[in-house]
Amino acid sequence: MYFHLATVVPAFVIGTILLIIKKGSIKHVYFGRIYMVLMLITAGITLFMPAEVGPRILNHFGYIHSFSFLTIYTVPTAYWSIKKGNVKSHKRKMILLYFGAIIIAGGFTFFPGRYLHTFFFG
């Protein structure tokens, strides 16, 4: 869990910066690559973390794991989109990734029964 936090917190910061800075700039490309790697590592880590709250599939995966699979799909397809010059698709996927996998999934981590809820409110 700590390794997950160590990758998702910088991904949140870098993702926020990427939404603000000029698109297509050298900084955007550089930070975008770091962001994508951090998001893939984060998603990979979460697949090994069993669901502690709510129903489980295969006695391991919970609904929140759907964001991990979303990330594993979205990062490479967003990368391929921009490599092909499809800026619109890349932009849409990266916004979906940021708000889906970081903001929404991150919000769920503050629900009762989860570690961050206990840490901050418990």
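Visitor: How is the angle between two helices read here?

Guide: Axes are lines fitted to C-alpha atoms, and angles run from 0 to 180 degrees between N-to-C directions. In this predicted model, the axes of helix α1 and helix α4 (residues 87–108) cross at roughly 150° and come within 11 Å.

Visitor: Which word describes how α1 runs relative to α4, parallel or antiparallel?

Guide: Angles over 145 degrees count as roughly antiparallel, so α1 is roughly antiparallel to α4. Their crossing is left-handed.

Visitor: Which residues meet where α1 and α4 touch?

Guide: From α1 come A11, F12, G15, T16 and L19, and they meet I95, Y98, F99, I102 and I103 of α4. Sorted by class, this contact has eight nonpolar residues, two polar ones and no charged ones.

Visitor: Now for the other pair. At what angle do α1 and α2 pack?

Guide: Helix α1 (residues 2–20) packs with helix α2 (residues 26–46) at an angle of about 150°, and their axes are 9 Å apart. The cut-off for roughly antiparallel is over 145 degrees, so α1 is roughly antiparallel to α2. The crossing of α1 and α2 is left-handed.

Visitor: Which residues make the contact between α1 and α2?

Guide: On the α1 side, look for F3, H4, T7, V8, P10, A11, I14, G15 and L18. On the α2 side, the contributors include H28, F31, G32, I34, Y35 and L38. Also among the α2 residues are M39, I41, T42, I45 and T46.

Visitor: How many nonpolar, polar and charged residues does that contact have?

Guide: The contact of α1 with α2 has 13 nonpolar residues and seven polar ones, with no charged residues.

Note on methods: Residues are numbered from 1 along each chain as its sequence is written. This is a predicted model: local features need pLDDT of at least 70, side-chain atom pairs count only at pLDDT 80 or more; totals for chains, interfaces and linings use all residues. Side-chain values use heavy atoms; hydrogens and water are left out. Helices (H or I, at least four residues) and strands (E, at least two) are DSSP runs, numbered from the N terminus. Angles under 35 degrees count as roughly parallel, over 145 as roughly antiparallel, 65 to 115 as roughly perpendicular and the rest as oblique. A crossing is left-handed if the near helix is turned anticlockwise from the far one by less than a right angle, and right-handed if clockwise. Contact means heavy atoms within 4.5 Å. Ala, Val, Leu, Ile, Met, Phe, Trp, Tyr, Cys and Pro count as nonpolar, Asp, Glu, Lys and Arg as charged, and the others, Gly among them, as polar.
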